[in-house]
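Good morning, and thank you for coming. Please look at the structure on the screen while I take you through several of its features.

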Amino acid sequence: MSVNDLFSANLKPVNLGLDMFADDLKKQGVEPVLMDWTPPGGGDPDVIAALSRLEDPAVAERIDAANQVALDRILSSQPFLEGFGQAIDTVPGMTAKTILHAGPPIEFTRMSGPMKGAVTGALVFEGLAKNIDEAFELAASGEITFSPCHEHQSVGSMAGVTSASMWVHKVTNRTHGNTAFTNLSEQLSKILRFGANDQSVIDRLNWMRDVFGPILSAAMSLNEDGLDLRLMLSQALHMGDEAHNRNVAGTTLLIQALAPYILETDFTTKEKREVFDFVASSDYFSGPTWMVAAKASMDAANGVENSTIVTTMARNGVDFGIRVAGTGGQWFTGPAQEVIGPMFAGYTREDSGLDMGDSAITETFGIGGFAMAAAPAIVALVGGTVDEAMGYSRTMNAITTGNNPNITIPALDFMGVPSGIDVRKVMETGILPVINTAIAHKEPGIGMIGAGIMHPPVEAFQKALRALADTVKP
Amino acid sequence: MTRHIEIRKNTYLDSVSLMSMSTKANAVEGVTQALLGMATPMNKEVLANVGVDDPSVDEARPSDLMIVIDAADDALEAAIAAVDGILARKDKKAADAREVRYRTLDGAFQEAPDANLVIISVNGAFAAREARKALNAGKNVMIFSDNVSVEDELALKNLAHEKGLIVMGPDCGTAIINGTGLAFANAVRRGSIGIVGASGTGSQEVSVRIHDFGGGVSQLIGTGGRDLSTEIGGISMIDGIRALDADPETSVIVIISKPPAEDVATKVLEVAGQASKPVFVTFLGSDRTESGFDNVTMVTAGTKPLAIAAVVASGIDESTLDKHPLNIPLIEEVRAKLAPEQKYVRGLFCGGTLCDESMFAALAKYDNVYSNIQKDPAYRIGAMDESREHTFLDMGDDDFTNGRPHPMIDPSLRLQRIVEEAKDPSVGVIAMDFVLGFGAHDDPVGVTIPAITEAKSIAAERGHHLEILGYVLGTDLDTPAIGEQIAQLEAAGVTIASSSTNLGLLAREFVAKGDN
């Protein structure tokens, strides 16, 4: 609008900054458009320079086109549960002395307490160490290969520790042909993935190896069609899950689909009963399943040149790392954050370990914290109101590329979940992704002590943006 | 320490709510530990782990709620009540619908496509980028922020020029667009006089005096103080003059600027000379008296004040104006009250141009005029320096406002300074401006009166009369209105000047001794 057009139009100002100016406009009978602005890029001048380079119209056009390709690949993904197998036979690059862990790469000495607890527990479980003390020595000896789950087409919740004889889901993205893996739910509280490692934990892992995994595997080998996880996930959201911290509906749907095949296997009734009892012992059974479905979908966007869409958010309890479609396998990290939320009785903030796990793949895909509005029953987890839960989901629209028409939120008029986190938008708006997650005790050997929400460190996105400014063709 | 154990039969609360409530209960005053949980085997184990051993817990069933509170003896009852309060939570839905706010300009423009001006007052390091976005989206821009680089300012103004838009600022404190005051502005009558100003309070003052003389303002376009520098070349001022020339509601154009670069002044005058309307120009501190164009009048100390010239040109009969001439008997009266050693003026200003204008009046008579905005480094003093001889301070300048609000909003620094200056026995006059209007403090006079009273009594204890001279920039339409503010000042024994130039003239004459 030219200056002279402005003189003859009704003044419609946008007030970017001091609220008192907006108040004065209102006093004069003019309704300003209000802004809730924060410095882009967390205020870092280098990041703002990088952002400005990516905002050049020609560059922005190229990125937008690439992001659309990446988003289409994510949204068109059809993850199917094909079966279960042991990691050693299934996961690419797995060896008897490999321990996969959550988050970006980390050496044993730097690992957080709960991750060390999980690693040492796994070494005892695998028979590589006689006891936890010996396991600590072995883990530090250099004989064990540590590697991120994400670098093996896998994801692992919390410590993410996956060892050779653990059973994993096999999920194939039938649209794009890629496969992803994740281990089985140990359910909640005092379990290996939260860093607990006493005999009760090892006993459960043994049962999972000898009974639970084999039954699930046998059941799925009877199901020639596989299970359409996207469809099931979509239903679960309609039933009140956000598929990260709340999995009540999803678990019911999943076990309902598996039950007939489980019944048909050759295992004893007692063993089958144990499986059903175990699944019923917590709502979390399907948690890993949604993670691997998300992983299979997000991997389809890996390597889309010039794309600024985040394909991985993962944390190892020390570092929070992200990876971006346009920058391949490169990790961009920042410090793992404290998770804020209610604790189990008897624990306090001082006990909590820092943010951990590959489960943020769910938010990367668009569920979990991004789908909070679908799960009003868990808003207490964030100490908030239903309105706030609605707000979380709506707000995520500001940092994502589009909405997933296949996975929708009834309460938001069937809005598709916000999908395709754009590093540029995160940096520009200052809105960080919201992640629902659990809290592990900071010491090894104890386990889960609470749950809540957290936001990634801004540094990871700043680094990614700088790298993108160098990577995207001018 | 007392432990309270309670089992509420058949009371179900989901585990997530319970965790949340436990957290709140633990924060209750006097509570050392509060445990809330359904009586599941796992939760019973948790209780056992923290030493809760009670038969009622053993008997509780998973559908029962367990409440354990450890609290100081005298706090237990209150703690139980508080925990009960948490458990009996009500749906306290936020009733007031939250106003819509946007995180990015792109988002705002999407929802409000008819937005036509963006007022930017965020940190200067980020202002240029937002302004560029606004311009690229076809919006006019006012940048209140300072600390925008010259390179950015030039690029933004060139971009705006190409697009037929205007950039007001950076460091643009005032504008009136379509009758609406933006940032710092006074409530003035709408009319046919258009103003383009490269000075904030100077433009405000012209608008106020136009109103005072019965005229009205069509548009007041601020350009920011650096617009008439050689680097920027007056881009916004030139575009502003052309816009006012093309505006059918404008019949007279007024230009006011702090000292411009000479080459830019020439260019601006050429553009003004092409205008089809009478143009009145004040370049503060400039020696030019002739514009070289018939329609362009240079307004200097020796000519009619800018506002009067403009108002008359807009069609108001000059004989009806109350021009507030200098009050000669008053000058004699004040001179008689001041002791021989009270030789100096201390000017403490909120408005930069107001400071400038008063200082020029003093400079016309005295050499020893110090200021933080003096061009001559020999006479420049900083915010931390003590005043010396004649001192005029622009307390809205960066060295005073670093990390604190502008004195038009927060006058606390000036209040201290008023008292400090009064302690100097060589001071005869403290001159001050009071800026009313949008953006300004809601009672600038009221908040200053105690300091004025204290200053006067400090001088009185020495046996001196201290003359306090005030200029109130405001109109009868402002809130508070100018009349109310002047009445407060007069009640406190403050002398009122009718303009900032008048303020400077009176101040310098009050302290002039016999030989002057």
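In which loop is A:Met158 found? A:Met158 sits in the loop between strand S6 (154–155) and strand S7 (167–173) of chain A; helices (H or I, at least four residues) and strands (E, at least two) are DSSP runs, numbered from the N terminus. The phi angle of A:Met158 is near 50°, a positive value in a residue other than glycine.

Residues are numbered from 1 along each chain as its sequence is written, chains are lettered from A and ligands numbered from 1 in the order in which they are written, and side-chain values use heavy atoms, with hydrogens and water left out.

Let me turn to confidence. The predictor assigns the complex an ipTM of 0.80 and a pTM of 0.75. For chain B the mean pLDDT, the predictor's confidence in each residue from 0 to 100, is 89, and 96% of the residues of chain B reach 70 or more. Among the elements of chain B, the lowest mean pLDDT, 73, belongs to helix H1 (residues 15–26), and the highest, 98, to strand S6 (residues 140–143). Over residues 90–97 of chain B, pLDDT stays under 50. For that segment the model has one contact beyond four places in sequence, a contact being heavy atoms within 4.5 Å. Where pLDDT is low, the predicted coordinates should not be read in detail.

Next, the interface. Chain A contributes 53 residues to the contact and chain B 57 residues. The area buried between chain A and chain B is about 5,000 Å², with carbon and sulfur atoms giving 63%; buried area is the accessible area (1.4 Å probe) that two parts lose on being put together, summed over both. Of the area that chain A buries against chain B, A:Phe7, A:Leu16 and A:Phe21 supply 13%, more than any other three residues.

There are five salt bridges between chain A and chain B, each defined as a side-chain nitrogen of Lys or Arg within 4 Å of a carboxyl oxygen of Asp or Glu. In one salt bridge, the side chain of B:Arg129 meets that of A:Glu55 at 2.3 Å, N to O.

Several elements of chain A each supply at least two residues to the side that touches chain B, among them helix H1 (3–8), helix H2 (19–27) and strand S2 (33–35). H2(A) gives the most to that side, with six residues.

Strand pairing also links the chains. S2(A) and strand S4 (residues 101–102) of chain B pair in the parallel sense over two bridges; two strands pair if DSSP finds at least two bridges between them. Here A:Met35 stands opposite B:Tyr102 in S4(B).

Within chain A, four strands form an open antiparallel sheet in the order S12-S11-S10-S13. Its edge strands are S12 (332–335) and S13 (356–357), each pairing on one side only. Strand S10 (residues 310–316) of chain A and S13(A) pair over two bridges in the antiparallel sense, with A:Asn316 opposite A:Met356.

A:Arg349 forms a salt bridge with A:Glu338, the closest N and O atoms being 2.8 Å apart.

A:Glu305 lies in the loop between helix H12 (287–299) and S10 of chain A. What does A:Glu305 touch, not counting residues up to four places away in sequence? A:Glu305 touches A:Ala66 and A:Lys473.

Finally, two peptide bonds in chain B. A cis peptide bond joins B:Gly169 and B:Pro170, with omega about 5°, and B:Pro170 is placed in the loop between strand S7 (167–168) and strand S8 (174–177) of chain B. The bond from B:Thr479 to B:Pro480 is cis, with omega near -5°; B:Pro480 is in the loop between strand S19 (467–473) and helix H17 (482–491) of chain B.

Methods: This is a predicted model: local features need pLDDT of at least 70, side-chain atom pairs count only at pLDDT 80 or more; totals for chains, interfaces and linings use all residues.
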